[in-house]
Amino acid sequence: MSNAFPSPILMILLSEPFSITAEALQTYLREQLNPNVTVTGDSNCTESFIITWNDMAFSIMSVDQPIPHQTFEAALRTRPGLENGEKIIAKHNTHIIISSLIASDKQLKSIFIALGLMTVADMIARIADPEGFYWGNSEVLVENQEFANYTDQAGEALGKFNQKVPNALYGLPATFWTGIRFYSPDQATQFGAITKGLDALTGFEIQIDPYINTQAEVAKHLMGMVAYILANGPVFVDGNTIGIEQDKNFKMNLVPAKAGMPARWVMKLVVQH
């Protein structure tokens, strides 16, 4: 599928190596998750598996070495609420990589894949004693309790969606799946930002061009648009204007993917004369 979105990837940070047979993992997941889960792997290998569940498939790989510290530079720099980030990184000596083997070019399917990956990770974490979790697409690092909260939040949103509750997908863990990268032409009064990792769910990122504001304000507007697009689907129209609050209108322009950069919707403030 040439136009498929990037596959989601999650890493579980551990202090001790994780080892289990495919048979034992399958028995556990069938008891705790779904009786139709299958786990395949070499009978002599206890570190690498493929999990199939419904129409999803995930690769599980236990790596007996830490993730390089530089991998987390963006996570530590862009997530001010992460109080124990350095401690999580320092304590971990090994990790598990969980990635989807199936990619989609449809937003709703990609959301379901991300939810499935989080569910599998949560089940494995219960028997692996993690230090923390790292969503590779967004470069977001979280503590155990925060990941548990995100997983509960995702499950609740999916449950409401299946019950056809209006606006159910506004409850998706957007701040875990999507990072923010700020930029400023003057480093003082004008700020813009672009999402990181949203393309794994939608096929594009969202960018707000700099204007006179604060980082907090631009982050609020950007994450509001992320939540909106995840809940409502790909509804942006090139050239249209979207209102945010009473006094701010943004023109939407689609910038195609090129040179390894994903497509992005650029929001430019419309100046009132």
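A residue is termed buried when its relative accessible area is under 20%, exposed when it is over 50%, and partly exposed in between (1.4 Å probe, protein chains only). By this criterion helix H4 is mostly covered, with 15 of its 19 residues buried; helices (H or I, at least four residues) and strands (E, at least two) are DSSP runs numbered from the N terminus.

The model is predicted: local features need pLDDT of at least 70, side-chain atom pairs count only at pLDDT 80 or more, and totals for chains, interfaces and linings use all residues. Residues are numbered from 1 along each chain as its sequence is written, and side-chain values use heavy atoms, with hydrogens and water left out. The pLDDT, the predictor's confidence in each residue from 0 to 100, averages 93 over the chain, and 99% of the residues score at least 70. Strand E11 (residues 241-244) has the lowest mean, 86, and strand E1 (residues 9-14) the highest, 98.

Ser104 lies in the loop between strand E5 (94-100) and helix H4 (107-125). Ser104 counts as buried because its relative accessibility is 7%. Its side chain reaches the backbone nitrogen of Lys106 at 2.9 Å.

Note on methods:
Polar contact = N/O pair within 3.5 Å; in protein donor to acceptor, adjacent residues only side chain to side chain.
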